[in-house]
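I opened this notebook to record what I looked up in the model, element by element. The entries follow the order in which I consulted the structure.

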Amino acid sequence: MSSKQINIFLTGATGYIGGSILTGLLQHPNVSTFKITALIRGDENRVNKIASLGVIPLIGSNESHDILEKAASESHVVIHTSNSADDIPSVKSILSAVISEDVRGKKGSNSIYSDLDPNKINSIADDQWHRDVDLLIINAAQANPLLKSVIVLPPAIHGIGSGLFHRDSETIGSLIRAALKRGKIEMIGPGESKWGYSHIGDLVDAYILLLDQLLAVYGPNAKSDAKPSPYLTTGRDGYYFTVDGQVSGKEVSEKIGEILYKRGILPSPTVTSFPDDEIESALFGPFSWVLGCQSNSKAERLAKLGWKPHRPNMIDCIEEQVDAILNDTKNKTLIQYTYTKKNNS
């Protein structure tokens, strides 16, 4: 008996995470049964590139609510990764800031969140950042038993992505670009706070694992007697961390400084602290303070489902990201500025 077509709607397909997930879907052994629709802003070049992959481009944005609603209603699976964690109408949920302590680079607490303890996650105050979006998803799933929602909680992501467009990590990339522009490597506060991290390839594996297991039980081709693993939870219990390790902000900045100094780009590998009043302008606006947060979580539920992260850790991936940025022609003016500043000092 032939398999039924699986309609998948993906947002953020031109981004770092969404683009890499799209590549993972296109490399899936069952891709012939997938009909993938990707939300794309009206850039003709990007639309054509996405279409050349056999993906249906849907022109719109997170504000195109009628388009979003129609596409979602026609899909078996919606994977929402586009860049608006507080946009309730687009139903995006990235919870990382909610479970982080804003310690401004100082050492944080030892309190750990595990995705096997959803009650602790659900005890987070309703007025916390992004929490309103999570509650929207959870409440919708409670109201409609046919809706099987999961919330994937990525930590800081590293590694070169596999998408067509945006392929570098904003977390590390912002620090590298700031160093090139400012002629020195910096960190937030004393750099003692630790970030959870995950390689982009391992994150994609997590998404594909969840997709496969959800489709096997709830999809149009699921067997009538299929039963979910006790660890495949949805709705109010459907949180999935993707943490593979921890690293401090200071360790990351030290590695960047070491590499740029050895390349002759920085005059010194010494790490200093950003002045507080320059952090937002030097990095990526108000959200920059996340690089000074403490994040403690464990990806225990995904591990029970068979997720096995195996790619290089964050520190070991920094050099390839430096290379990618240095080889990007858009950064040539930053590099030239740094050389000029160094030679004139």
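**Entry 1**

I began with strand 10, where five of the six residues are buried, so the strand is largely enclosed by the rest of the structure. Buried here means under 20% relative accessible area, exposed over 50%, and partly exposed in between (1.4 Å probe, protein chains only). Helices (H or I, at least four residues) and strands (E, at least two) are DSSP runs, numbered from the N terminus.

I note that this is a predicted model: local features need pLDDT of at least 70, side-chain atom pairs count only at pLDDT 80 or more, and totals for chains, interfaces and linings use all residues. Residues are numbered from 1 along each chain as its sequence is written, and side-chain values use heavy atoms, with hydrogens and water left out.

I then looked up the strand order, which is 8-10-12 in an open sheet of three strands with mixed pairing. Strands count as paired if DSSP finds at least two bridges between them. Strand 8 (156-158) and strand 12 (245-248) are the edge strands, each pairing on one side only. Direction ignored, neighbouring strands of this sheet are turned by 45 degrees against each other on average.

**Entry 2: bridges and packing helices**

I followed the pairing of strand 8 with strand 10 (residues 194-199): the two run parallel and are joined by three bridges. Ala156 has Tyr197 of strand 10 as its bridge partner, and Ile157 has Ser198 in strand 10.

Axes are lines fitted to C-alpha atoms, for helices over the stretch in contact, and angles run from 0 to 180 degrees between N-to-C directions. Helix 8 (residues 249-262) lies across strand 10 and strand 12, at about 70 degrees to strand 12.

**Entry 3: nonpolar cores**

I looked up the cores, each a set of buried Ala, Val, Leu, Ile, Met, Phe, Trp, Tyr and Cys residues joined through side-chain atoms within 4.5 Å. The largest has 47 residues, and Ile8, Leu25 and Ile79 have the most contacts inside it. Helix 7 (residues 200-218) gives the most to this core, with twelve residues. A second, separate core of 31 residues includes Ile279, Leu283, Trp289 and Met314. Returning to Ile79, I found that it touches Ile8, Phe9, Leu10, Thr11, Ile21, Leu25 and Tyr207, not counting residues up to four places away in sequence.

**Entry 4: single residues**

I located Tyr239 in strand 11 (residues 239-241). Tyr239 counts as buried because its relative accessibility is 0%. Its side chain joins that of Asn122 in a polar contact of 2.5 Å, a term for a pair of N or O atoms within 3.5 Å; within protein, one must be able to donate a hydrogen and the other to accept it, and residues adjacent in sequence count only if both atoms are side-chain atoms. Tyr239 and Arg301 are 62 residues apart along the chain, with their C-alpha atoms separated by 8.4 Å.

I found Ser61 in the loop between strand 3 (56-59) and helix 3 (65-73). With a relative accessible area of 12%, Ser61 is buried.

Finally, I inspected helix 2 (residues 44-52), at whose start a side-chain oxygen of Asp43 reaches to within 3.0 Å of the backbone nitrogen of Asn45. Just after helix 2, Gly54 takes a positive phi of about 85 degrees.

Conventions: Contact = heavy atoms within 4.5 Å.
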